[in-house]
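Please look over the aromatic rings in this model. My notes follow as numbered points.

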Amino acid sequence: MSNARKTEVHLWKQALPTIEYQLQSAVAKGLDTLAPEEQQRMWKIGKASLLEAHSWMTSRLFLRNVLAQYMQQQARDIQIKYGPSGKPYIHGGPRFSLSHTKGLCVLAVTSSNTELGVDIEWMRPLLRQQAIINRFLTEEEQGYVLDIACNGGEPSTLLWEMMTRKEAWIKACGQALCGQWRALNTVDERFTKLDLVEREGCFYILRKLDVGMEYNATLCVEGKTEPSIRWMSFVV
């Protein structure tokens, strides 16, 4: 591994609601902090599910409140912008990546110029596992899943691991890579022991995160140097 200075990554997590109660009061409390476009997105999500809208709002408020600590600003004043492929960023602020799933969200933040991405998934039962394997995994990844399954590993858990690795990598790349899942090989035999992956000459480190037995989560950090990871504590 390189002797370059390690990138320090702070990780934050926040519980999200899983049942519909006191939604109206919670929504009203957060509206003043959200930007107009965030409010519009929340209402759009709410047309399909109030619970999903509340979860999205809670994760967004969490993002703003944590970033406010780093930037010494009011949460409502933070200007979140989006790159050409939809990756959020703050001009002059820290790099960050947010992911949420049923009951939990995780936020990764770094003050360096290093790109990063995080993904978390609630490990719900997977139907048509073979179809998912054929559609999303590279040949090397399919062989990896098969080998571990033959040695007693749980295929569905391995699939969720592969999916979070790919999604975190996509976020770190900041490119429109959806639909190119099979172009991202997360188990390259040259680098597997280091959890190092490469695409078009750019290298990234993948790290599995322990966020609870029902979840699978991965952090992806640009570069070849092992990042310094620190779990933070914050109450919104």
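1. Is Trp12 buried or exposed? At 3% relative accessibility, Trp12 is buried. Buried means under 20% relative accessible area, exposed means over 50%, and partly exposed is in between (1.4 Å probe, protein chains only).

2. Keep the source in mind. This is a predicted model, where local features need pLDDT of at least 70, side-chain atom pairs count only at pLDDT 80 or more, and totals for chains, interfaces and linings use all residues. Residues are numbered from 1 along each chain as its sequence is written, and side-chain values use heavy atoms, with hydrogens and water left out.

3. The structure has two aromatic pairs. Rings of Phe, Tyr and Trp (its six-membered ring) pair if their centres lie within 6.5 Å; planes under 30 degrees apart are stacked, over 60 edge-to-face, and the rest tilted.

4. Trp12 pairs with Tyr70: the centres are 6.0 Å apart and the planes lie at 80°, so this pair is edge-to-face. Trp12 is in strand 1 (residues 8-15) and Tyr70 in helix 3 (residues 50-71), 58 residues apart. Helices (H or I, at least four residues) and strands (E, at least two) are DSSP runs, numbered from the N terminus. Tyr70 is partly exposed, at 31%.

5. Trp169 and Tyr204 form a tilted pair, with 6.4 Å between centres and 55° between planes. Trp169 lies in helix 6 (residues 155-173) and Tyr204 in strand 8 (residues 202-209), so the pair ties together parts 35 residues apart in sequence. Both Trp169 and Tyr204 are buried.

6. The charged end of Lys224 sits over the ring of Phe203, 4.2 Å from its centre. A charge counts here if NZ of Lys or CZ of Arg is within 6 Å of the ring centre and within 35 degrees of the ring normal. Lys13 lies over the face of Trp231, 5.8 Å from the ring centre.
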